[in-house]
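Please find below a short note on the model under review.

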Amino acid sequence: SADDDTVIDTLHVPSVIGATSSNTGTASYFSGATGATASNDANREVTRYLYDAGNVVPGDSGTFTFQRKVTDESDVEDLTTP
């Protein structure tokens, strides 16, 4: 959190994520301030995405799509309630 309130400022939107190409790649998700803690795609507090596209054929194309939302007051309550 850039504003030092310890609450993440943007959240991962789990239902909007995907990758498409002719190769099957692997997406990895990480959380934490440094983005070093392994996570999963359902965790709203994902802070880093890593997509390994595998062997890419010259001229091939693909996409990796993700969405984030700005944290609002209801999110802050959810994230800070034990």
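The numbered points go from the basis of the values to the chain and then to the rings.

1. This is a predicted model, in which local features need pLDDT of at least 70 and side-chain atom pairs count only at pLDDT 80 or more, whereas totals for chains, interfaces and linings use all residues. Residues are numbered from 1 along each chain as its sequence is written, and side-chain values use heavy atoms, without hydrogens and water.

2. Helices (H or I, at least four residues) and strands (E, at least two) are DSSP runs, numbered from the N terminus.

3. Of the 82 residues in the protein chain, 17% are buried (under 20% relative accessible area, with a 1.4 Å probe and protein chains only). The chain exposes about 5600 Å², 52% of it from carbon and sulfur atoms (Shrake-Rupley method, 1.4 Å probe).

4. The whole structure holds two aromatic pairs (ring centres within 6.5 Å; planes under 30 degrees apart are stacked, over 60 edge-to-face, the rest tilted). The ring centres of Tyr 29 and Tyr 49 are 6.1 Å apart with planes at 80°, so this pair is edge-to-face. Because Tyr 29 belongs to strand β2 (residues 26-31) and Tyr 49 to strand β4 (residues 46-52), the pair ties together parts 20 residues apart in sequence. Both Tyr 29 and Tyr 49 are buried.

5. Ring pairs join Tyr 29, Tyr 49 and Phe 66 in a cluster.

Technical notes
Phe/Tyr/Trp six-rings, centres within 6.5 Å; stacked < 30°, edge-to-face > 60°. Buried < 20%, exposed > 50% of the residue type's maximum accessible area, 1.4 Å probe, protein only.
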